[in-house]
Amino acid sequence: MPAFLAKVPAAPRDYSACSGCSLCLLVCPMWRSSHDPVFTPEGLAKALQCGATASELAAPIAACSLCGACDPVCPERIDLSGMIMDLRRRLANALPSDSPRPALLDELHARLQQGAPATAPVASRSVPVLLPGPVLRSDPALMAQVQALLGIAVFDDDGDDIALAIEVGVEIPQQRLHAFLDSLRGHSIVAADGLLLRQLRRWLPGSQRMGLGPALSTRAAVRSNLAPSDLYVIEPRAFHGDYERMVGYYDRLQRETGCSLSLDLQRIAIPASSSGLEHRLGLVPKRDVLRGVADDDVQARWLLQGRTPARIVVESLADRAAFGRVCDLPVVYLAELGEDPEMMKKFRHAFG
Amino acid sequence: MRRFFFPGYYSSPASKRTILLNIPPVEPGTVGPCPVAPDALQGIKRQQTNPARWNGAGWEPFVATLRAAGLDLAEGAAACGVYLTDAGGTACGLPHGVVLARSAGQIALLLKAAQAHRVPVTVRGGGLTTEGESVAFGGVLLDMTGMSRVLAIDAAALTVRTEAGIYWHSLAEELRRKNLDYLSAPLNLTSSVGGTLGVGGIDVNSARLGCSADQALSLQVVTPTGDVVECSDDENPELFQRVILGYGQFGIITEATLRLRPYTPLAMHYFYYSSLRTAIEDLQMLDRNDASDYSGILTIMDCAVNLLVAFDSAEREAAFRANWKSRLRGHGELGFGLCMAGHYALRPWKLREALYLLQRKRAVFPEFRRAEYMRDGKMHDRTVVFSRAVWKHWGSRNMVIPDLAMPADRFVEAVERGNAVCRKYFSHYTLYCVGIRLRPEHRPHYEMSCIPPGAEGWVYGCEFEPMIEGGVYSRDHFQAFKNAIYDIGLDLGGSYYRFGGMMKGYIRRVFGDELVERHLAMKRRADPAMILNRDVIF
């Protein structure tokens with residue numbers, strides 16, 4: 001077959017390819033809360049084209065939540081969230097070594113240098129493993145429920161330090177990264193952190209990977225309890241990181257269950273929160289924390305505007321708090337749908 | 001085909017920055033050297049291609065006035081870089097500073113200060129101009145997208161009041177939650193409401209519903225002297241007439257009340273032709289007979305001409321099948337493919353063209369049928385589908401899209417002559433044709449606009465869009481191409497959608513001195529310091 005007829009995915013491009021179409025802006029939570037084009041991937045790309053430095057762009061670089069909504073809409077195939085992560089790395093590297101750093105960063109550096117924690121051996125290389133992430137891990141009962149639903153082993157080294165390093169732009173020591181990837185090789189991976197999942201796609205291209213949300217929603221116990229009156233809130237990072245496949249998966253989920261999805265007209269997942277880097281690092285002064293909460297509220301309110309769900313089902317535990325602030329609707333974590341028969345009975349009674 | 005390289009211009013962001021920041025200041029009233037390229041308007045008596053950059057006189061006290069009044073103005077590459085150019089990418093200029101629109105009161109304050117200090121203000125919505133109309137060559141860039149809230153939706157009266165900086169797509173996102181839709185808007189996700197009302201706007205339903213500006217019921221406008229005024233057909237009608245399709249000369253639209261309709265997905269039909277003339281005749285036949293809800297033509301050069309026809313309801317679709325479908329001379333996809341195969345089998349020397357068509361078909365056709373945008377065979381958001389396809393397969397860092405707006409009876413000739421020009425200048429191109437139904441009661445809006453003087457019934461527009469495909473062309477080449485297209489309009493008594501900015505040399509030739517002088521006198525009265533969008537039309 002002639003080369004031009006072969007369907008080979010083109011390599012991602014860099015900021016210089018930005019033609020200024022603004023499609024990324026339409027889906028960007030930073031833009032929704034600021035209505036300032038500088039706080040958009042396009043604004044960053046255009047400023048870079050004009051010679052702006054990473055430090056001049058520090059505010060939008062830090063404000064980005066890395067939801068990845070911009071990536072699938074870019075007609076020039078620019079890796080926009082990759083561009084922002086790269087800018088974060090540049091900013092982090094430009095910091096003088098003696099400059100004050102948040103405690104979380106020091107702790108992260110120490111963990112990365114320390115290497116992998118002692119990992120309980122998993123019986124076989126072909127066994128699927130769960131990388132639960134720190135939020136789920138902090139709720140042992142819920143994690144047990146997830147584990148029971150999926151029937152898979154929890155990986156002790158779930159790479160949460162690596163995930164955080166990717167997010168904040170900290171260099172990952174090769175030794176740590178290789179140890180982590182080597183331990184995962186051959187396993188099917190279910191990861192709660194969408195950003196880590198996205199990177200695993202690049203680091204372990206032949207492996208089978210899945211987000212925790214899709215993994216849970218494949219379970220009959222969960223799926224059968226999704227109702228047409230539910231608003232199903234997709235975890236955006238995993239969704240956008242594997243968009244072509246995921247958009248088809250969720251369309252099928254919607255057809256089969258009748259629930260409505262947190263997708264916009266472009267079929268992009270609307271993030272329920274938009275917290276950026278500063279919140280992640282706990283860097284923000286109190287008044288800005290409040291502003292950040294308001295920003296999160298913008299997204300959650302927008303998701304609910306004009307919709308009248310009886311219940312909200314979230315794939316990400318972090319989204320529960322965002323909805324809890326803006327509405328009185330029951331907000332259920334996906335795994336909880338398959339949890340308690342009595343509760344399920346109650347939901348069925350309440351929502352038909 | 002002759003291509004020209006432009007050494008150094010696109011070599012790196014750093015070199016671009018150097019070139020742009022070295023634009024020499026020019027005294028007011030004089031014409032300076034073009035900062036980008038030698039003058040290229042072949043055949044037109046014209047002294048410059050880009051406007052001269054404003055010399056910055058009085059900038060500091062102006063900024064001090066704004067800041068004293070608590071108005072935010074951003075300066076520097078990080079703030080201004082995003083506004084370097086427009087969708088055309090051939091006009092480049094940087095403002096001295098940027099103001100994000102937040103309210104009519106803030107804009108009024110800005111314009112009052114700008115009048116007092118004689119600082120130019122360039123207004124930008126989606127930035128989808130192609131001739132530099134929304135590029136600031138110095139002065140203030142006012143970004144209207146900061147005013148993007150939907151203020152009130154009246155589902156019973158089928159109206160919406162919205163801030164005018166909003167993108168049509170953002171408006172659609174809000175309306176769709178209430179199962180409503182706007183009447184018509186450009187098939188581009190990032191067109192803004194205010195920008196569209198200022199120039200017209202066409203959709204594939206314009207042959208039924210008129211241009212997008214026709215759906216405006218009333219506007220809030222900030223005049224160039226900083227008065228906030230409400231206008232409509234009944235209230236300040238003269239201002240309403242001048243602001244609609246006024247190319248931003250007589251005020252800044254800050255809010256708009258628009259007509260709405262219930263939302264419906266579209267049942268699409270595609271017919272393929274190998275003749276432009278036949279396809280256009282069929283398009284006009286459908287429009288005259290109100291046989292479809294949507295109609296338009298999109299081509300791959302003049303080889304594969306796609307007439308798209310779409311419907312809001314099963315009843316209308318059934319009536320089309322019963323009464324009109326058999327009269328169309330186009331083929332279905334399979335039939336057309338067989339015709340093309342036969343055509344090129346007999347013309348092996350055109351193999352390259354055939355391969356291009358095949359490649360284009362494979363790339364573009366699936367975009368219009370993506371499963372995520374279709375439900376039960378119906379297209380759920382035409383703008384999402386078309387706009388994503390347009391940016392993916394037509395968009396690039398440079399775009400020139402000269403157009404012709406013609407009375408119905410001269411449209412076929414205009415398109416055929418324009419097509420010949422495209423063939424002469426570019427290897428590959430696309431034509432996009434659509435009808436616009438004229439609203440007799442809106443005739444005053446149409447004066448000195450894309451609607452040709454004296455047109456009755458329908459006007460037909462055709463955009464001629466070369467595929468740049470990573471090629472590098474000189475601005476001379478682009479400009480000569482545009483001029484050749486626009487000369488057809490002059491010859492046949494048409495008008496243009498994009499006659500501002502770099503194409504403003506045609507305005508007097510199309511509309512005549514008397515009309516232009518009358519509008520210029522109105523502009524001088526409305527905008528004494530001539531600060532508002534000053535290089536777009538006059």
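Trainee: What should I know before I start?

Mentor: This is a predicted model, in which local features need pLDDT of at least 70, side-chain atom pairs count only at pLDDT 80 or more, and totals for chains, interfaces and linings use all residues. Residues are numbered from 1 along each chain as its sequence is written, chains are lettered from A and ligands numbered from 1 in the order in which they are written, and side-chain values use heavy atoms, with hydrogens and water left out.

Trainee: How many helices and strands does chain A have?

Mentor: Helices (H or I, at least four residues) and strands (E, at least two) are DSSP runs, numbered from the N terminus. Chain A has 20 helices and eight strands.

Trainee: What is the order of the strands in the open sheet of four strands in chain A?

Mentor: Two strands pair if DSSP finds at least two bridges between them. In chain A the order is S2-S1-S3-S4, with parallel pairing. Strand S2 (153-154) and strand S4 (209-211) of chain A are at the edges with a single partner strand each, so one side of each has no neighbour in the sheet. Two bridges link S2(A) to strand S1 (residues 129-131) of chain A, and A:Leu130 stands opposite A:Val154 in S2(A).

Trainee: Which order do the strands take in the open sheet of six strands in chain B?

Mentor: The order there is S10-S12-S11-S16-S17-S15, with antiparallel pairing. Strand S10 (267-273) and strand S15 (403-407) of chain B stand at the edges; each has a single partner strand, so one side of each is left without a neighbour in the sheet. Inside the sheet, seven bridges join strand S11 (residues 294-300) of chain B to strand S12 (residues 304-311) of chain B. B:Ile300 has B:Ala304 in S12(B) as its bridge partner.

Trainee: Where do nonpolar residues gather?

Mentor: In soluble globular proteins, nonpolar side chains tend to be buried together. A nonpolar core is a set of buried Ala, Val, Leu, Ile, Met, Phe, Trp, Tyr and Cys residues joined through side-chain atoms within 4.5 Å. Buried means under 20% relative accessible area, exposed over 50%, and partly exposed in between (1.4 Å probe, protein chains only). The largest nonpolar core has 255 residues, and A:Tyr232, A:Phe323 and B:Leu197 are among those with the most contacts inside it. Apart from that core lies another, of 28 residues, including B:Leu66 and B:Ile107.

Trainee: What share of chain A is buried?

Mentor: Of its 352 residues, 57% count as buried.
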